[in-house]
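User: I am new to this structure and would like to learn how to read it. Please take the features one at a time.

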Amino acid sequence: MENNQYELEVENQRLEQTISLAKSQLNEARACNEENKSAIISAKKELRENTSHSISGLWTSEGFEALAALSQYVNPVINKITDYEATENKILQLEQLIKSPYFARIDFKFDDEDVFEKVYIGRSSLMKEDSYEMYVYDWRSPIASVFYRFVMGPAFYEAPYGKITGEVNLKRQYEINEGILEYFFDSDVQIVDEFLRKLLSQNTSSKMKTIVETIQKEQDIVIRDMENELMMVQGVAGSGKTSIALHRAAYFMYQGLSPGLSANNIVIISPNALFEQYISNVLPELGEDNVISMVFEEILVKILQNEQVQTKNQFLENLITSPGYPELIKSSIEFKTSHQFLDIINRFIYDLPYKWIDFEDVYYAGKCIVSKEILKDKILSGRKSTPLALQLKQLEDFILELMRESHDGHINKSEEYIVKKDIQKFTELNAHRLYRKLLSDKEYFYCLAKELELPDCIDAILTFTQENLYSDLLYYDDAAVIAFLTLKLNGTNEYKNIKQVVIDEAQDYYPLHYEIFNLLFPNAKYTILGDINQTLGKQEDLALYEQIRKILNKKKYSLITMDKSFRCTNEILTYSTKLIEKNLEIKSFSRKGDEPKTYAAIDQVGLDDMIISETKSCLEKGYHSIGLICKTEKNALSLFKRLKDRIDMKLITNDSIATLQGVFIIPVYMSKGLEFDAVLICDADTQNYNTKNDKKLLYIACTRALHRLNLFCEGEISPLV
């Protein structure tokens, strides 16, 4: 007891010193930014007073000198603003650090030393600047990996200059809130598991939380991997895939690495806008600016210049609910996003200058400036590495230059404009129109498809697609094909600065989508996260990852399997795993809870009463988020209309961005990646769930639950459960 009291006094003293140092640095930073603010105001004033007279003359022959004079006043303003923003970030970091400076400590002795050094680990680092003494190490620092990967005894870590070996004789964890040490404990594996179990037993929050205090050894290995150009993670539901990917992004941005990436070097591809919002707090909580985050449809819209594109959620709703059409929709997307169709598109692109571009003789002032044969030959003999659309633009310049040469550089501007409009009939390509042409000429299509394996229903797919291409909404699969065609024809430098791409729910993308990623992000490394058991609308196995590797063409790659679920209770996980193929073993973290139950009502009124009763029971238990999951948006909307006046709830639909707190109704495909305290599957009858694909939908719905899961239906319960 005396020992514990002494340790507590030592720890409180250390905490006091750390907070005192952080407060001192915070005051300095605030004072510095007051000076920066004054300097910015002063520099802006000087800019106005000394340059206003020369602004109007910037584009004259003396403009270069005027610009040079202007830059000597502009640059100091820009530099001061940069300093101000950097210091402002430091202020925010120190304010957070004062509330909770660290969460762990290891006592580590280097092999060539006699004394154990106390290494405190927090979300960000704190150093005493006059002596360079580290008070707190950032969780991403090399030495911090010892905390995540080793128990007591021999240990090592990888530093920028090589492997460092030593010994650990203490691992301690802290709970510090608002600058007060609430408790600490010395940890071994068993105690850490108990600590994690306690954390997992708590209610969920409206946003995904950071996991720096509880990162597991295998998770830390993925987070810190810098060797592989392609890191793929096959992780079961609740294994923390997404959280690990975000912590990995934060690790890449850590300035202790050489070189650290900035926020605009990383992009996260999210499955939908709701999920994008759900994960939005993680990187800011880790002290990093939020990186670029996009939904795949946003990429398509950008490439296709704001055409109206069907979202993935709309596509899935269509696939799940269309009477008589699901098989055709499924076959259509599987074919149009396959390697076979990609071969057809590439053959079509090769063919364009031979068969589909109507080159014309070009006339000016009554004379033929250049023949169509010469123009065609110029394209056919051009550099194959240059995109065709760019070659045609160069052809435009070539023709206009010939016009000028034929008239000693003196040409009529209005006539030049007319000639230019004429030649653009064959120098401007429209991917949408070309795609329509390809599919409307079936004889030509089959000629291009020679020796390729086509689906039995190919005729129906072509007819179905032709009809769709004349509607106001561009279907999800067609949008991807036209986007690929656009990128191949035009090329792009839009994302050349992106060095790391994170793709979540990887199993729901098709080969064509990865071809698009490869064209968009040619200089990037990838972190790919998926779970083949949660695939929607198709069947996948582990071969998916080999397919991704081949398309992205990365030499150094790794596939990590994460088979332990931390989300569900043991009972919920056992129930859920009965719904999937036994191709992947799933381990439970062994947190106990109630057995899931199924409830069948004789009519809709009885069903609604059961759902209301269970929802109220969950609220009484203090659950913060209660997800009423339906198979489709159509079912969700119907349930919402029936229940909304009986209990406070929200409806989550395709375009919803909502805070995931309270009671809400959500289609199953929108719930992927999310987690709720309690889940009620509200339409688990035989009509809604009866196929192999439906089984995966049920698995996804069941594995959203942290603490409680029950299934409800009207009439006969699904045979799948």
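Analyst: Strands of a sheet pair through backbone hydrogen bonds, either parallel or antiparallel. Here strand β8 (residues 230–235) and strand β14 (residues 525–530) pair in the parallel sense over five bridges; a pair needs at least two bridges found by DSSP. Strands are DSSP runs of E, at least two residues, and helices are runs of H or I, at least four residues, numbered from the N terminus. This is a predicted model, where local features need pLDDT of at least 70, side-chain atom pairs count only at pLDDT 80 or more, and totals for chains, interfaces and linings use all residues. Residues are numbered from 1 along each chain as its sequence is written, and side-chain values use heavy atoms, with hydrogens and water left out.

User: Which residue of β14 is the bridge partner of Met232?

Analyst: The partner of Met232 is Ile528.

User: What is the strand order in the open sheet?

Analyst: The six strands run β10-β9-β13-β14-β8-β15, with parallel pairing. Strands β10 (292–295) and β15 (557–562) are the edges, each pairing on one side only.

User: How should I read a nonpolar core?

Analyst: In soluble globular proteins, nonpolar side chains tend to be buried together. A core is a set of buried Ala, Val, Leu, Ile, Met, Phe, Trp, Tyr and Cys residues joined through side-chain atoms within 4.5 Å; buried means under 20% relative accessible area, exposed over 50%, partly exposed in between (1.4 Å probe, protein chains only). The largest core here has 177 residues, and those with the most contacts inside it include Ile528 and Trp139. Helix α19 (residues 476–490) gives the largest share, 10 residues.
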